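Here is a short report on helix packing and strand pairing. Please look at the model first.

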Amino acid sequence: MKIGFVVNDIETEKAEYTTNRLAMAAKEMGHEAWYMGIGDFAYEPDGSLSTKARSGHAKTYRSLERHLADIKKPDVEQLIPIDEFDVVMLRNDPADDADSDPWRNNAGVAFGQLFASSGVLVVNDPTSLANALSKAYFQHFPEIVRPRTLISRDEGMIESFIEDLGGKAVLKPLQGSGGTGVFLVDRKESPNLKQIIEAISRDGYVVAQEYLPEAVKGDVRMFVMNGQPLVVDGKYAAFRRTNTTKDIRSNMSAGGKATKVNVTDAMLEMVEIVRPKLVADGMFLVGLDIVGDKLMEINVFSPGGLGSAQSLYEVNFAPAIIAELERKVAIRQHYPEIDNHTLATS
């Protein structure tokens with residue numbers, strides 16, 4: 001297979017990222033693994049699609065660092081027709097560019113839709129990803145797995161909702177990820193509530209969410225593939241993210257620490273509840289963020305943490321993901337009429 005991995009910017013990628021682990025696994029399994037940045041695409045006058053892309057051309061690599069170093073060499077860049085690819089994985093995070101380069105926000109899903117229409121398998125399904133560009137997508141999942149939530153820009157409505165919750169809530173912007181702009185507020189203790197609401201609403205809608213006391217223990221990141229927990233050699237690709245500071249964010253990008261977790265029946269039940277929509281939306285690989293008996297978020301763009309899971313359980317989960325892509329490409333060869341979002345989770 002020839003696999004393309006779309007990232008925000010090749011130059012800002014890091015060796016330990018999940019994308020690099022997937023690319024390395026693909027190469028070790030005999031495939032071509034190409035990186036492309038969100039600004040590298042072209043729709044040409046004749047209607048064809050192309051991309052500038054880079055690949056490490058050594059047969060084998062002993063380290064993730066060496067592989068990515070070769071990827072970052074400018075002289076390895078090539079212009080490749082998109083229809084040469086069997087699979088394109090959209091691994092860019094729109095939130096990373098939301099402030100600095102707003103034009104990038106929709107570029108991945110827009111070109112992803114064009115790639116899919118040309119016959120390339122694109123995961124996760126770009127049309128569904130377009131619907132998931134804001135946290136409002138999360139509200140389409142069953143209420144039983146979600147914390148109580150208000151999405152509004154009305155200060156009075158938000159304050160009233162916080163009072164109904166007992167005076168404590170989490171506030172965050174509707175757009176964004178990685179823990180950016182997340183506040184834990186207590187109505188009795190925070191005279192700055194008005195200023196916090198104003199600061200968040202300046203850039204759009206405010207998400208006010210029920211505070212879950214279990215959050216002090218951190219959250220659990222669980223990888224789900226084809227609507228099923230990702231399991232290799234009896235080990236779940238899941239881990240607890242904790243923060244030793246008073247910062248409520250346990251995201252790895254916000255300084256969280258990964259530890260082993262026992263996957264409970266309650267967690268598996270949550271996967272069962274969200275599975276139908278994930279499958280229907282063609283969400284091939286996602287990360288569920290679990291606190292207590294609730295889902296805090298579903299990362300559908302660039303779920304990270306495979307390296308943490310590998311270190312904790314001494315299992316490399318990446319080859320299982322690439323093997324699933326192999327299977328889907330084989331299905332496409334026999335059934336070219338199957339649409340992209342169906343094949344993505346078939």
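## H1 against H8

In this predicted model, helix H1 (residues 18-28) meets helix H8 (residues 306-313) with axes that come within 8 Å. The two axes cross at roughly 70°. Angles of 65 to 115 degrees count as roughly perpendicular, so H1 and H8 are roughly perpendicular to each other.

H1 brings Thr-18, Arg-21 and Leu-22 to the contact. H8 answers with Leu-306, Gly-307 and Gln-310. By class, the contact of H1 with H8 has three polar, two nonpolar and one charged residues.

## H1 against H2

H1 also packs with helix H2 (residues 64-71). Here the angle is about 95°, and the axes lie 10 Å apart. H1 and H2 are therefore roughly perpendicular to each other.

On the H1 side, the contact uses Asn-20, Arg-21, Ala-23, Met-24 and Lys-27. On the H2 side, Leu-64, His-67 and Leu-68 take part. The residues of this contact divide into four nonpolar, two polar and two charged.

Strand S16 (residues 238-242) is mostly covered. Four of its five residues are buried.

S16 pairs with strand S12 (residues 219-225) through four bridges, and the two run antiparallel. In this pairing, Arg-221 stands opposite Phe-239 of S16. S16 is also joined to strand S17 (residues 257-259), by three bridges. S16 and S17 run antiparallel too. Arg-240 has Thr-259 of S17 as its bridge partner.

How values were computed: Residues numbered from 1 in each chain as written. Predicted model: local features only at pLDDT ≥ 70, side-chain atom pairs only at ≥ 80, totals over all residues. Heavy atoms only, no water. Axes fitted to C-alpha atoms, helices over the stretch in contact; angles between N-to-C directions. Parallel < 35°, antiparallel > 145°, perpendicular 65-115°, else oblique. Contact = heavy atoms within 4.5 Å. Nonpolar A, V, L, I, M, F, W, Y, C, P; charged D, E, K, R; others polar. Buried < 20%, exposed > 50% of the residue type's maximum accessible area, 1.4 Å probe, protein only. Pairing = 2+ DSSP bridges.
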